[in-house]
Amino acid sequence: MQEERLRYLLTNYFRNTISRTELKEMLDRLDDLDESQFSSLFESLEEKIPVRSELFDRDSVAKQLSHRIHEDKEESAYSGRDRTNYVKWGSLAAAVVLFCFSIVYFIKRESAPLTHPKKVLTNEIALPDGSAPIVTLSTGEQYSISADNPESLEKGNLTIIKDNDGTLLYQLKHSGRGSEKRTFHSPKGNALTLQLIDGTKVHLNSGSSLTYPLHFETANRIVFLDGEAYFDVAHDPVKPFIVETKQTRIKVLGTQFNVSSDLTKTKTLTTLIKGKVEVSLGSNHKILAPGMQAESDPQQQHIVLKQADLKEILAWRDGFFRFTEDDIETVLQKVKEWYDIKEIKIQSTSTDTFTAMMKRTKKLSDLLKQLEKTSNYKFKIQDGRVLVM
């Protein structure tokens with residue numbers, strides 16, 4: 001019963017929930033332990049608050065603390081009651097604080113990946129659980145946007161609401177800060193929706209960013225896209241909506257369309273769903289009709305129009321990968337857009353191609369198993385890398 005009480009007090013201390021009265025009781029109880037009792041307590045406590053052995057030298061800390069208690073008891077034998085009290089609240093308190101600091105330090109080391117998620121298993125890569133978007137201010141300051149952090153919402157000039165389909169919608173608030181710009185970044189493995197000040201909704205694909213002003217004060221509504229996004233533009237015949245990428249400029253009045261870079265990042269693909277857009281590359285201009293796609297090639301300085309497969313283009317919005325006679329390199333490049341894959345190593349190739357629509361899975365291994373069933377390929381995940389055999 002006594003040992004259980006002491007474990008309770010120490011656990012509260014590590015969690016920073018102990019009262020001053022409990023702290024004194026904890027120190028008194030520790031001072032009454034012999035070395036064997038202390039060692040037993042230490043091991044049982046480690047089970048409650050696990051720490052990786054390679055980060056924390058349990059034996060070393062235990063030895064130092066038990067030795068300190070032993071020395072204090074020997075000194076107290078030659079002193080009066082005042083000296084004993086001094087030992088309890090002096091050197092022993094310092095020893096306990098040192099002990100607790102060591103534990104807490106390494107617990108924080110252990111918990112750090114919760115703030116910056118990394119893969120724990122070397123044979124698995126998984127999608128993150130609802131990572132928050134990052135907003136970059138014009139000053140370069142960055143904030144992780146969260147409903148639990150009001151300051152981040154204030155700095156980002158955003159509110160978070162539920163959209164009609166139940167998904168989270170990051171909505172830009174009205175502000176008197178003029179044309180100051182922000183950049184909204186959707187983390188890898190997530191697709192997020194931002195509503196601009198004019199009511200335009202921008203669905204950002206994994207790893208994509210949109211730079212926009214807090215107010216559209218000029219004759220045009222201009223935003224800059226890096227990556228892929230689906231735009232549902234609020235109609236305004238007075239202020240055309242313009243999307244700029246590194247290669248292309250897309251001008252609209254009110255419409256729905258998808259803009260992305262191809263997998264090599266050398267071209268921009270603009271696919272019109274509804275309405276009318278004009279795609280420009282240098283002095284070249286093309287008008288798109290619904291169901292058409294414009295491929296802008298800055299190296300060749302031309303724009304090619306073709307009929308689009310809308311189901312394939314928009315599959316990412318519905319949580320799917322869509323492959324149409326894709327070779328293994330193309331398939332894995334599409335997959336890599338979502339999963340945090342460090343490297344892809346293809347050790348053997350075949351003439352197999354993939355035509356399918358596959359639901360994104362939480363674990364990459366589950367998706368690769370589906371690919372194995374429809375081909376002669378075998379896959380292995382090792383230290384964040386995918387091996388193709």
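This is a predicted model: local features need pLDDT of at least 70, side-chain atom pairs count only at pLDDT 80 or more; totals for chains, interfaces and linings use all residues.
Local features are taken only where pLDDT is at least 70, and side-chain atom pairs only at pLDDT 80 or more, while totals for chains, interfaces and linings use all residues. Residues are numbered from 1 along each chain as its sequence is written, and side-chain values use heavy atoms, with hydrogens and water left out.

Salt bridges come up first. Searching the whole structure turns up 11 of them, each being a side-chain nitrogen of Lys or Arg within 4 Å of a carboxyl oxygen of Asp or Glu. One of them pairs Glu-295 with Lys-306, with 3.9 Å between the closest N and O atoms. Glu-295 sits in strand β17 (residues 292-297) and Lys-306 in strand β18 (residues 302-307), so this pair ties together parts 11 residues apart in sequence. Strands here are DSSP runs (E, at least two residues), numbered from the N terminus. Lys-306 counts as partly exposed, at 38% relative accessibility; the label covers values between buried (under 20% relative accessible area) and exposed (over 50%), using a 1.4 Å probe and protein chains only.

Another salt bridge links Lys-334 to Asp-326, at 2.7 Å from N to O. Here Lys-334 is buried at 18% relative accessibility, and Asp-326 is buried too, at 10%. Then there is Glu-343 with Arg-385, whose side chains meet at 3.0 Å, N to O. Glu-343 belongs to strand β20 (residues 343-346) and Arg-385 to strand β23 (residues 385-388), so the pair ties together parts that are 42 residues apart in sequence. Glu-343 is partly exposed at 31%, and Arg-385 is partly exposed with a relative accessible area of 31%. Shared partners also join Lys-267, Glu-295 and Lys-306 into one network of salt bridges.

Next comes Gln-195, in strand β6 (residues 192-195). Gln-195 is buried, at 14% relative accessibility. Leaving aside residues up to four places away in sequence, its contacts include Leu-169, Tyr-170 and Lys-201, where contact means heavy atoms within 4.5 Å.

Two strands pair if DSSP finds at least two bridges between them. Within the sheet, β11 (residues 241-244) and β12 (residues 249-252) run antiparallel and are joined by 4 bridges. Ile-242 has Lys-251 in β12 as its bridge partner.
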